[in-house]
Every structure is written in C-alpha cells, then in structure tokens.
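Good morning, and thank you for making time for this presentation. Please look at the model on the screen while I speak.

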Amino acid sequence: MSDLLIRGGRVLVPARGIDAVLDVRVRDGVVTEIGTALEPAGGRVIDAEGCIVTAGFVDLHAHLREPGFEQKGTIATETEAALRGGFTTICAMPNTEPAPDSAPVFEALMERLAREARVRVFPLGSVTRRRAGKELSEIAELAAGGCVAISDDGNPVADGRLMRNALALASAAGMVLSEHCDDPELNDGGVINEGRVSERLGLAGQPVAAEVAAIARNIALCEATGARLHIAHVTTARGIELVAGAKARGLPVTCEVTPSHLFLTEDAVAGPGPEPAYDTNARINPPLRTEMDRWALVHALNEGTIDAIATDHAPHAIEDKLCEFDYAAPGIACFETAAGTLLTQVARGELQLARVIEALTSGPVLAWGLDSREKGLGSIEPGGVADIVVLEPGREWTVDATAMASKGKNTPLQGATLTGRVRVVVVGGEVRWESEESDG
Amino acid sequence: MADETISPDAGSWRRKDLLDTDTLSREEIALVLKTAEAMAEVRSRPMPKVATLRGITVVTLFYEQSTRTRASFEVAGKAMGADVVNLTASGSSVEKGESLVDTVRTLEAIGADIIVMRHSKSGAPALAARTTKARVVNGGDGQHAHPTQALLDVFTMQQHLGDLAGKRVVIVGDILHSRVARSNLWALMALGADVTLTGPATLLPQTLVGASEAGRCRTTTDFDAAIEGADVVMALRIQKERQATGLIPSLRDYIRGYQLNETRLARAKPGALVMHPGPKNEGIEVAPSVAAGAASVIDEQVANGVAVRMAVLYLMAGRAA
Amino acid sequence: MSRKQLLGPDDIGRSIRRIAHEIIENNRGTDGLLLVGLLTRGVPLAERLGTAIKEFEGVDVPVGRLDIGLYRDDIARRINPTPIRPSAMPRDIDGATVVLVDDVLFTGRSARAAMEALLDFGRPRRVRLAVLIDRGHRELPISPDFVGKNIPTGRGETVRVRLQEPDGEDGVYIDSEETVDG
C-alpha cells in the first residue's frame with residue numbers, strides 16, 4: 001500500500017492531548033509519523049490547511065437493516081452513508097430479521113459484513129431470543145464469535161430479573177450490555193415527548209418518567225451485579241443526572257447521546273409554520289424532548305458526563321414515513337448530517353469541539369473496549385490503524401436528502417443550512433471517500 | 001349593483017384548508033359565523049336549498065365512525081347544490097390497505113374539489129392537505145381538532161349571548177383526549193371568552209395552554225367551583241374505555257365529581273347554556289333532566305351544524321389561492 | 001384615476017320620488033306591492049321608495065332584503081367568495097307584485113341572480129326591476145322597468161353610488177382610468 005501524507009491540518013486527538021497544526025503520514029494501513037514539515041514520499045498528499053484532522057468516527061448505535069429490511073437499507077448503502085458521514089467504525093444494532101441471537105446467525109452476519117461493508121462494523125447480538133424479552137440469547141457463544149456488545153435495541157428488557165441475569169452473563173463474557181432505557185407501560189402508545197407539543201397536537205406522549213424510571217432501575221441492577229451497563233441515547237435532563245450520579249459513585253456505567261437529540265427538540269414535530277406539520281421525519285424513539293432537556297445534554301457533553309455521540313442512524317423507506325404520524329416508523333437517517341449538526345453547534349458556541357471529537361472517537365472506543373479489537377481505533381497514533389477524517393469546520397452546505405447515500409431519506413433537516421462538513425475519509429490507510437469539491 | 005358594492009365589513013377567506021381553529025383570526029371566525037347566519041336563513045325558507053355549489057364535488061372521507069358529522073356535511077353540501085360523495089373506510093380500497101396519500105390522490109384525480117375528512121389519528125388531515133390540491137376540511141382528527149364543531153358551538157353561544165368577549169365558558173370531561181375541547185378552546189380564546197377546563201386530574205392537560213394565554217384559560221379539577229357563575233357549560237362525552245385503561249376508577253366515580261346535574265347547574269349564571277357535542281351518554285356526563293331541560297341548546301347545536309358547515313363549504317368552494 | 005360627480009343628493013331624491021310615482025302608477029295603487037332591495041345599497045333605496053310611497057298614498061308598503069351572493073354564476077371561478085348576509089321577506093311573496101331595487105344596472109347578471117333568489121321564496125304574480133342608474137353594457141336580455149337616470153359609460157369606467165345609510169353621503173360618481181393619449 002502506498003504512502004499518504006495529510007499536511008497542514010489541525011490535528012485533534014483529545015485522548016492523547018494533541019491539538020496542533022501537524023502533518024500525518026500513513027503507510028501500509030497504519031499511521032507511521034506525526035510531526036511538522038514531513039516530506040512527501042511519492043504517495044498522495046492531501047492539503048488539510050484550515051481543516052481538522054482527527055480519527056475516524058466510531059458509532060456505537062446504528063441500524064443497517066440487513067438482513068430482513070433491505071427496502072429500508074442494506075449493509076452496502078448504509079455503510080456507504082456512514083463512510084460519507086466520517087464514521088469509519090460502526091456498531092450495528094440487532095433489530096434485523098433474523099436477530100443475531102445465536103452463534104450461527106451471528107457468524108452469517110459477520111460473513112455478509114465482510115463482503116459488503118464499506119467501513120468497519122461490529123454487530124451487536126441480541127439480549128434475548130428474537131429480541132422478545134423472554135429467554136436469553138446464547139450470550140457466551142456470541143462473545144466467542146466476536147460480538148462486542150448485546151442489546152435488544154428498541155425493545156427494552158422489561159423483566160428486571162432477566163435484565164439482571166443478562167448483565168451478569170454479558171459482563172462475564174467480556175461484553176457490554178447496551179440498553180434502550182424505557183418503561184413501555186408508562187409510554188403506553190406514546191409517539192412523541194409528553195408535554196406542550198403532544199397536548200397541542202393531540203398525540204399520545206412518552207413521559208420523561210418512562211426513561212428516568214428505566215435508567216434508575218438499570219443503574220440499580222448495574223450496582224447489584226457490578227456488570228458493565230451502557231445506556232443508549234439518553235434524552236432527558238433527569239436521565240443524564242442519574243448517569244452522572246452513578247459515574248460519581250464509580251459504577252461501570254457509560255452512556256451515549258444522539259446528534260438528533262443534541263440539535264432538535266419536540267418542536268420539530270410541529271414544524272416551523274403556524275399550523276402543525278406532524279413531521280413524521282421528526283418521529284424518533286426515544287422522542288425529541290424539550291429545549292431544557294436539549295440544553296442539559298449539551299451541557300453534559302461539554303462536562304464529560306457523556307461518553308459517546310452515537311447516531312442511532314435509522315433509515316426507513318418512503319412509505320414508512322409518508323403516512324399518519326401514529327403509523328410512522330420512528331427513526332432518523334443521520335449518518336450524513338451528524339458531523340454537520342455537531343460542527344454547527346460548535347460554530348454557534350454551544351458545543352466544545354474537543355469534547356465533540358472525543359465523544360466521536362476515543363470516547364466510544366474506551367466505553368466498549370474496542371481498541372482491543374483494532375489497535376489505535378479512535379485515535380491517531382504511530383503504529384495504530386489509519387482511520388482518519390478530515391473536516392472542513394467553516395463550510396456551509398444545505399441538507400438534501402435526495403443526495404444522501406443512505407437508502408433512508410428520512411431526515412427532519414431537509415433544506416437546513418449547516419456549517420461544517422466531512423471532506424476526506426480514510427479507512428485503513430486508504431482514501432475511501434472525499435467530497436466533490438475536495439482538492440489535492 | 002352588488003359587484004361594485006363591497007361591504008365594508010367583508011372579511012376574506014384565503015385558506016386552502018380548514019384543519020383547526022387555532023390559527024383562525026377573530027375576523028376569520030366572524031366571517032364564518034356571519035356567513036352561517038345567512039345559511040341559517042336559507043335553511044328557514046320554504047325551499048331550503050340553493051344551487052350555489054352546483055358543479056362542486058364534495059367527498060366525505062370517513063376513517064372513523066360518525067353519524068352526525070357526516071350527515072351534517074352531506075346535508076350542508078346538498079343544500080347548496082354540491083355533489084356529495086360519501087366514502088367510509090369499510091367498503092372501499094381503504095379497507096384493502098391503500099395508504100391515505102394514495103386515497104387522497106385518487107379522490108383528487110376523480111375531481112373532488114373539497115375533501116371532508118374524519119380520521120382516528122391526529123394530524124391525518126394535515127397530511128392529506130399537503131398531498132392534494134383539493135381543499136381539505138377536517139371533520140375531526142384523533143385527539144387533535146374538530147374545527148367545524150367548535151365553530152357551530154361558538155355560533156350557538158353567540159346566538160344566545162351575543163359578543164362572547166368576557167363570557168365564562170366551562171368545558172367539563174375528558175379534556176386531554178378531546179378534539180372538541182381543543183378546537184373550542186382556540187376559537188373561544190380568539191373571541192375573547194374566558195375558558196375553564198375541568199375534569200379528573202388524569203384527563204386534564206398539563207401544558208396545553210401556554211403561559212401567555214394563562215389569563216384567559218384555567219384548568220382545575222374542581223368542577224363545582226369552576227361552574228360558579230358560568231355563562232356556558234359544555235359537557236364532553238366520556239369514553240367508557242377510559243375506565244379500562246385506568247384513567248378513571250369507575251363511571252360512578254366520574255359521575256360523582258363531574259356529571260352536569262341540576263344541583264351543579266344551579267351554581268351557574270341564571271340562564272346559562274348547557275351544551276354537548278354529542279353523542280351523549282345521558283346519565284353519565286350529563287343528567288337526562290339537564291340534557292332535556294330549558295337551559296339545554298343541544299338540539300340547536302345539531303341544527304346549527306348544518307348552517308355552519310354550509311358556510312364553511314361555501315367559503316371553501318372558490319378557486320384555491 | 002379621475003372621479004366625476006354625476007348626481008348630487010337633490011338629484012337622487014328627485015329620482016326616487018319619480019320612481020315611486022311610476023311604481024304606483026304601474027301597479028295602479030299599492031295593492032300586493034312588495035319592495036325588495038338587493039344588498040347592500042338596494043336596501044336603503046327600497047326603504048326610501050317605501051317612505052315616498054307612504055308620503056304619496058298613505059300606505060305602508062312592505063320592504064324586504066335579498067342577498068344574491070348564493071346565486072352568482074362565478075363562485076367556483078373566484079378566489080374569494082362574496083360575503084353572504086341573511087335575506088329577509090316581510091311577507092309571503094306568493095301573488096305579490098315584487099319590485100326588485102338595486103343601485104346600478106350593468107351587465108344584468110345581478111338582476112338575473114336576484115330573480116332566481118327571489119323565486120326560491122315563492123311565486124310572485126309579477127316581478128319588476130327598479131334601478132337608480134342604468135349604465136348600459138348588458139350581457140343578458142334584461143331591461144329595467146323603472147330607471148332613475150340612464151348614464152352612458154365606457155366599459156372600463158366604474159359607477160359608484162354612495163348613500164347616506166352605509167356611506168354617510170348621497171352622491172353618484174363615475175371613476176375612469178386616466179388615458180395617456182388624452
């Protein structure tokens with residue numbers, strides 16, 4: 001493999017305390033040198049002046065839809081979308097058909113991924129068989145097959161006893177359990193955040209208490225078992241407080257937040273006009289919350305309470321969203337807008353750049369121990385894997401869903417102007433994607 | 001001649017669709033009510049029918065059971081000479097799983113000028129309105145809005161009370177799940193009335209009314225206090241399934257706290273109006289003696305429904321701007 | 001735009017009195033007579049005719065009002081429908097001699113609509129048409145029975161009748177666009 005030199009960019013590797021204008025040399029798929037005034041060695045030179053150079057993003061929560069729901073997305077289309085969004089490693093949720101609940105299904109999935117995926121993919125196994133919440137999956141066998149974490153994704157493990165056992169077994173097998181914290185009884189058919197907008201629009205609400213109660217229970221089970229617990233997409237101010245409290249007590253709890261919940265509120269459902277739009281593209285589970293909750297997440301990210309920004313990228317077919325709000329499938333296709341919204345929030349002064357980068361790179365890697373799978377993942381370090389992203393922080397662009405690589409065009413950001421985007425993405429030392437106007 | 005004598009108080013109707021009352025201005029509501037007065041006069045003639053909407057096709061597209069709203073729109077359309085086509089979810093392609101969007105596009109293609117839509121899901125008419133060039137009138141969607149019901153309610157109130165500014169209206173029942181309560185609230189607030197929403201704590205909205213509107217709308221669980229001195233008391237239908245889902249312990253418990261009965265009505269202003277959007281559960285949310293009593297204008301509401309819907313169809317029959 | 005006054009308050013008063021006389025003469029008295037003003041300005045004109053007839057004959061002639069908005073032939077072509085007000089007939093019109101009263105007769109479409117509207121209230125014996133101004137340019141075969149004043153106009157000109165009751169003054173004006181070559 002030939003030599004690649006990324007020259008003159010602001011290299012930002014928060015975990016290693018690097019934030020300086022530097023050159024990065026890549027050879028044979030690994031980073032070989034970081035320094036100043038590195039000389040080209042005959043390979044490609046990328047001029048990154050004015051750009052941010054950082055490790056490829058690592059996503060702990062994404063939906064690829066294959067196998068089973070190829071009309072919504074495939075491994076090929078969704079990993080291409082991830083690539084364009086700067087995500088070089090993604091953890092794929094097990095809400096597929098079949099669900100990876102046993103070694104044979106998991107192995108078949110790994111083979112498919114090896115053939116089709118455009119970025120590194122670590123698939124999750126399911127906590128329970130068919131994600132039905134009744135009987136546990138073959139947890140140790142999944143771990144032996146290379147599974148990094150288990151989750152029942154959109155189906156919270158309602159049975160507390162089952163959850164306790166799953167946590168203990170997963171931890172013993174060296175895996176994390178990622179839980180969508182939600183109380184289905186309290187939610188009772190809710191489709192958006194319970195509050196001003198739900199009452200105005202006459203939509204059933206999902207109360208904050210449903211998330212908070214589930215987080216509290218799962219933290220208690222984490223404490224009881226000493227097992228690693230990852231709380232997926234925290235959306236509420238009270239929820240994040242509980243996580244901060246658990247961390248302060250030294251419990252092995254980590255958490256993630258989505259770019260959608262950092263950027264949008266429940267108002268996106270009503271839309272900007274005087275008459276409510278019932279924008280099904282803003283339907284997501286857990287729901288977009290209030291401005292107060294959004295600010296709590298922003299603050300928690302800046303403070304370091306949040307380990308990872310995870311996309312919860314969820315592509316859907318047109319007909320899944322072009323319908324009555326109650327019938328619309330929840331989820332936002334956001335691989336290709338995540339960097340844009342996050343950098344926009346940095347440009348607005350809401351989010352701190354170093355914290356955003358950390359939560360997209362080393363944060364998730366440490367949370368799930370992914371560096372044991374691939375040396376240097378989530379970092380730029382000599383001898384480490386060369387997964388690198390070059391970002392243009394000041395670049396304005398307009399979201400156009402039709403131009404997205406994802407099969408899912410379901411974004412509530414259609415037509416929005418964002419500041420900052422992904423310019424070049426390097427996976428394993430190879431320039432795998434660059435934006436059209438990119439020079440060099 | 002009339003062409004050259006535009007009345008000075010002539011409001012204008014520029015909306016493509018009528019989805020709710022929440023964005024209607026005081027002037028727009030006044031225009032509908034004034035037009036409805038003229039329609040009520042037409043209904044009182046020896047020949048209670050005009051040919052104004054000849055050549056206009058009105059489709060009533062009902063995804064949810066309804067007798068009075070659908071019949072009311074049908075009579076209104078026919079009284080104005082429109083062709084009225086009734087479509088219900090059963091017995092049509094809707095039952096075969098056709099999507100709302102496809103159904104609405106089909107109706108447009110066959111020449112529907114106005115689609116009157118009833119749907120069990122909130123926001124469905126907004127989706128339909130975005131989908132078609134035909135005009136969409138919301139005939140009630142889920143727990144969201146029922147604008148023509150609210151307009152006929154304020155029309156009925158105005159007939160008895162005149163200007164509604166400062167009048168005290170109490171709405172009692174399952175406010176949280178009621179499209180009638182919501183649309184009435186917005187219309188009444190636009191007309192300057194003071195509204196009190198009352199019902200069991202589990203059936204009251206927490207944040208429906210913003211802080212800026214709080215002066216004109218209150219919510220309380222104390223019906224007996226709320227009804228004191230009221231000009232209008234509107235009882236809402238209580239769905240029996242609220243008991244099964246644990247929102248109310250029992251109908252008996254509900255009746256005890258929230259039935260509009262004679263003892264309670266005596267606390268309202270003398271001559272206060274008793275209203276109900278129907279269909280009513282007599283003996284549950286309203287005592288039979290009150291529903292049939294002198295204060296009740298429930299039958300007038302039904303009659304006025306036709307006039308108000310004629311007004312709405314008339315105002316919506318022009319070429320969409 | 002230029003505006004020219006055609007009639008003043010005295011001219012309007014004289015026209016109304018003359019039409020009142022003509023109506024009485026034509027009807028051979030006031031038996032079965034019903035005056036029906038077309039909203040908006042036909043209504044005060046009908047009331048004034050009633051007052052004049054009372055003055056001459058000592059009889060109260062009933063006066064009704066008619067809104068013709070629901071009978072227009074251009075509803076579906078308009079972006080904004082005309083506002084509609086209630087019509088009112090003071091008596092059963094069956095067998096009556098109805099005089100429809102309007103301010104200006106132009107294309108004849110309002111008069112046609114008025115006849116259709118009136119017939120929805122019953123079956124009058126005779127229907128007559130009285131107008132303050134006939135400005136010509138008929139599009140339908142309609143001709144008035146009683147006219148205050150015939151005024152030849154251009155198609156692009158506008159005749160404005162202003163009456164005390166709605167407008168605060170009596171006067172008839174003609175508005176015409178300025179012509180560049182004039």
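Predicted model: local features only at pLDDT ≥ 70, side-chain atom pairs only at ≥ 80, totals over all residues.

I shall take the chains in turn, together with the contacts between them.

Residues are numbered from 1 along each chain as its sequence is written, and chains are lettered from A and ligands numbered from 1 in the order in which they are written.

Let me begin with chain A. Chain A contains 15 helices and 18 strands; helices (H or I, at least four residues) and strands (E, at least two) are DSSP runs, numbered from the N terminus. Along the principal axes, the C-alpha atoms of chain A fill a box of roughly 65 × 55 × 40 Å. How does the radius of gyration of chain A agree with that of a compact globule? For 440 residues such a globule would have a value near 22 Å, and chain A has 21 Å, which agrees. The radius is taken over C-alpha atoms, and the globule rule is 2.2 Å times the number of residues to the power 0.38.

Of the 440 residues in chain A, 60% are buried. A residue is called buried if 20 or more other C-beta atoms lie within 10 Å of its own, exposed if 12 or fewer, and partly exposed in between, with C-beta atoms placed from the backbone. Among contacts in chain A between residues at least 6 apart in sequence, 75% join residues at least 24 apart. Two residues are in contact if their C-beta atoms, placed from the backbone, lie within 7 Å.

A:A140 belongs to helix 3 (residues 139–144) of chain A. Because A:A140 has 16 C-beta neighbours inside 10 Å, this residue counts as partly exposed. A:A140 and A:S198 are 58 residues apart in sequence, and their C-alpha atoms are 43 Å apart in space.

Chain A is divided into domain 1 (4–52 + 385–434) and domain 2 (56–372), with bounds that come from an automatic or database domain assignment. The centres of these two domains of chain A, taken over C-alpha atoms, are separated by 25 Å. Their contact takes 30 residues from domain 1 of chain A and 43 residues from domain 2 of chain A. On the domain 1 side, strand 16 (388–398), strand 17 (417–427) and strand 18 (430–434) of chain A each supply at least two residues. Strand 17 of chain A provides the largest share of that side, seven residues. By class, the domain 1 side has 18 nonpolar, six polar and six charged residues. Here Ala, Val, Leu, Ile, Met, Phe, Trp, Tyr, Cys and Pro count as nonpolar, Asp, Glu, Lys and Arg as charged, and the others, Gly among them, as polar.

I turn now to chain B. Chain B is divided into domain 1 (9–146 + 305–316) and domain 2 (147–301), and 25 Å separate the centres of these domains, taken over C-alpha atoms. The contact draws 27 residues from domain 1 of chain B and 21 residues from domain 2 of chain B. Helix 1 (26–43), strand 4 (135–141) and helix 12 of chain B each give at least two residues to the domain 1 side.

In helix 12 of chain B, 15 of the 19 residues are buried, so the helix is largely enclosed by the rest of the structure. Helix 12 of chain B bends by about 30° at B:N304, the bend being the angle between axes fitted to the seven residues ending there and the seven starting there.

Finally, the chain pairs. Which of the two pairs of chains in contact shares the most contacts? That pair is chains B and C. Their contact takes 31 residues from chain C and 32 residues from chain B. Strand 4 (97–105) and strand 7 (158–162) of chain C each supply at least two residues of the chain C side, and strand 4 of chain C gives the most, with four residues. Chain A and chain C do not touch; their nearest C-alpha atoms are 21 Å apart.
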